[in-house]
Amino acid sequence: MTTLLILVPLIGLILVNLPFKNARRTTFWYAVMLSLMQAYIVLTSDKIIWEGHFDPIEEYFKFNLKADNLTLVMLLSIGIVAFCALMVAKHMIKDEGDLANFSNLIIIILAGMNGVVMTTDVFTLYIFLEITAVTSFIMIAFFRDKDALEGSFKYIVLSAVATVLLLASIALVFMVSGGTSFEAINRAVHANNENLILTAALALFTAGLLIKGGLVPFHGWLPDAYSSAPAPASVILAGIVTKTTGIYSLIRIVNNVFGFSGSIKNILLFVGIITIFVGALAALGQKDFKRMLAYSSISQVGYIVISLGTGTELGLIGAMFHLFNHSIFKAQLFVNSAAVEKQAGTRDLDKMGGFSKKMPFTGLTSLIACLSTAGIPPLAGFWSKLIIIVALWNSGHPVFAGAAVLASVITLGYFLVLQRKAFFGKLAEGYEQLCEAEFGLILPAIILTLITVAVGLLFPLLSNNTLIPMSHIF
Amino acid sequence: MSKDAASLFWLYNTFVILVFLCGIYLVAVTKNLIKVLIGLELLTKAATLLIIVAGYSTGHIATAQALIINLIVVEVVVIAVAAGVVLSIRKKYGSLNVKNISNLKG
Amino acid sequence: MTMLDYVLLFMMAGFSVFAAVRRSLLQCAFGLAVVSILLTIMMFRFNAPLAAVFELSVCAGLITVIFVYAISLSRVHTQEEEQQADHERKLRYGVLPYIIVAAGLVIYFLQAPLIFTAPPSQAVNDVREVLWNQRLFDIIGLLLVIMAGVFGVVVLFKEKDANE
C-alpha cells in the first residue's frame, strides 16, 4: 500500500501527459481522484495493509517505507487539503492548459509529501523535501506576477540554505553511522552517547527544518510566499506543505531518530514561544487578508513546536493533534480568502466590511475556523490547545503554559479584528452587487468546517479510540 | 576513527566550512540575483565535498557516490527552476538588482 | 595526504573567493565552474569515479551553461551605475578574503575531537549495486524531481506574455 501511494501518482502523471486527445482535460479529474482516494483509503483501511506484509510490490522493490499512526494522520490531511486546493484551482484558474499544469504540479507535490511522511531514510527524506520545495516554487510563481516571483525567489533562497544545512547534517550522521536509514542512525546515537558530531548534526538538521517550517527567526520568507502565491497554491502551501516539510520532519527526526535531549527540548521550547508571540503580534497589525492568515499560521506552528519541546507523550499527542487541526482550519481560511478575493476583487481588509450579509456561507465558515484557531470550545482547536497547555503544565513549564494561554487571547483578538473588518458591520461602499461565491468554492470550506466541528464535538470519542492509541508510536 | 582519517577529515572539513562561508557571504551581501544563485551553488559544493570526505574517511565510498549522484540531479533541477524564476523577474522588473525588487517586506 | 591535496584545497578556497568577489558575472560563473572541476579531481582521488563524472558533466558543464544563458539574457548597467557600484563593492567584498583566511586558521587549529565508534566497513563496494539495491526509492524520487523540473520549465518559460 505504502508503495502504491508513490507509484500510482507517478505512473498516472506520465500517462495523463502523453499526447493523447483529451489527455490534458483528464489531468484535473485524475488529481481529484488521487486525493480523494488517498483520504478514503486512510479512513477505511485496516491497519494491516500499512505494515507492508503480504505486499508483493513492496517485497519486490524493498522501498523500506513505513506508515505508523502519525503518518496516517498526515496522509489523511494531505489528501483532504490537496482536494480543497484542486477545487479552488478549478474556480480560480480559467485557462484549461493552466489548470492542467497546475493539476500536474499538485500530483507531484502529493507524491512528494507522501514520500516525506513515509520514508525511513534521511537522504530519501531530503530528496522528497526537495521535490515538494521545487513544486512549491513553481506553484508560487505560477502566474509570474511581480510579487509572486519575489515571494518565490525568497523561498528559493531560504529553502536552498536550509537544504545545505540538512545535507551537512546528513553527511555527519552518515560518517558516524555508516548509513542513512533512521535505524542505522538511531543505533549510532545509542552507541555514541553525547557525541560532539552527532550533536552538531542534530543542531544543523533542526536549524534546516526550522527554516523550512517558517519558525521565528527564520520566518521572513513565509508571509511573502503565502500572500503572493495564487489562491489554490496558498491553500496547499499554508495548509499542508510547510507543516509536512518543516514540522512533521522535525517531529520524526527528533523523536524517532535522535531522541530527546535536554538542550533540544529547551531550544524547541524557546523557539516555540517566541514564534507564537512574534506571529500573533505581527498578525494584529496586518491590513492584507492573506498576510494576516500567514502570520497567524506562523504563530500556530509555534504551538506545535512548543508542544514537541516538552518531550513527553502527551506533548507529542498535542503536537500531532494540533498539526492536523491546524492544517484543516488554515486551509479553510485560505479557501475563504480565495472566495472573498474572487468575489470582491480585493484582499485589503480596510476596504472590506459587512461581507457576511452578501456571502453568508463564507462568513459563517470563516467565523468557525477563526474561533477554532483561537481555541474556543467545543471546536477542534480548543482540544488540541488544551492538550498542549496541560502537557506544558505537567512537564514542569507553568510559565510557558501561561504564555500559551495569553497568546491564545491575542489570537482571538486578531481574528476578531479580521471578522469585524471583513464580515461584520455595515456593508462597505461599492459592494452592493457582491454575491456568494460559486458552489464549488464553498464546498471545500463547508467540508473543512464540518471536519473542524465534528472533531471538536466527537473529541471524547476520538480521544479513546484514536488519540490514545496514537501514542503507541512514540 | 583512526588518527590519519580524522586529520584528513578535519583538513577537508576546514575547507568545506571556508567554501560554505564564501557562499553564505555572497548570498547575504550581493545585490544581484544571479550572484545569489552562484552563492547557493557554492553552498551545495561545500555539502558535496563534505559527503564525499565523510564517505572516504570511514570506508563507505560506494554509498557516498550513490548519494552524490542523486544530489547532483536534484541540485540541477533546483538551479534550473531558480534560473527560470530569476529570468522571469528580470523580464518583469527589467532589472536584476535586489534594491529594485522589494515590494514585499518580510 | 600529499602536496596535491593541499594545492587542490587551497585552489578551491581561492576560486570560491574569486567567484564571490568578481564583478563580472561571467567571471563568477567561471570561478564556480573551476570549483566544480577541482571537486571532480578530488572525487577521482577519493576513488569515486562515477560521482566525479556526474559532477564534471552536470555541475561544471550543464549548470555553467544555465548560468551563462541567464547572464547573456540579462544586460549590463550604464557607466554611472558601474562607477557607483564599484565604490560600494570595495566596501562589501573587501573584507571577505580576510574573513576566509582568519576563519580557516581558527577552524584548522581548533581540531575538535572526532571520537566515535566507527561503523563497520561496507560489505558491498560497488556503487551500481548500492544504487540499485539500497537506493531504488531515491531513483523514483529523482523521476519525480525531474518531472517537477519539466513542468517548472514549461510554466516559467511559457510565452504567454505576448498579449501584455
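**Chains B and C at a glance**

Chain C is built from seven helices and zero strands, where helices are DSSP runs of H or I with at least four residues, strands are runs of E with at least two, and both are numbered from the N terminus. Welcome to a predicted model, in which local features need pLDDT of at least 70, side-chain atom pairs count only at pLDDT 80 or more, and totals for chains, interfaces and linings use all residues. Residues are numbered from 1 along each chain as its sequence is written, while chains are lettered from A and ligands numbered from 1 in the order in which they are written.

**Chain C**
- Chain C has 164 residues, and 31% of them count as buried (20 or more other C-beta atoms within 10 Å of the residue's own, with C-beta atoms placed from the backbone).

**Chain B**
- Three helices and zero strands make up the secondary structure of chain B.
- Chain B has a radius of gyration (taken over C-alpha atoms) of 18 Å, well over the 13 Å from the globule rule for 106 residues, so chain B is more spread out than a compact globule; that rule is 2.2 Å times the number of residues to the power 0.38.
- Along the principal axes, the C-alpha atoms of chain B fill a box of roughly 55 × 25 × 20 Å.
- Buried residues account for 70% of chain B.

**Where B meets C**
- In chain B, 53 residues are in contact with 66 residues of chain C (C-beta atoms, placed from the backbone, within 7 Å).
- Helices H1 (3-29), H2 (33-58) and H3 (61-93) of chain B each give two or more residues to this side, and H3(B) gives the most, with 24 residues.

Key:
Two residues are in contact if their C-beta atoms, placed from the backbone, lie within 7 Å. A residue is buried if 20 or more other C-beta atoms lie within 10 Å of its own, exposed if 12 or fewer, and partly exposed in between; C-beta atoms are placed from the backbone.
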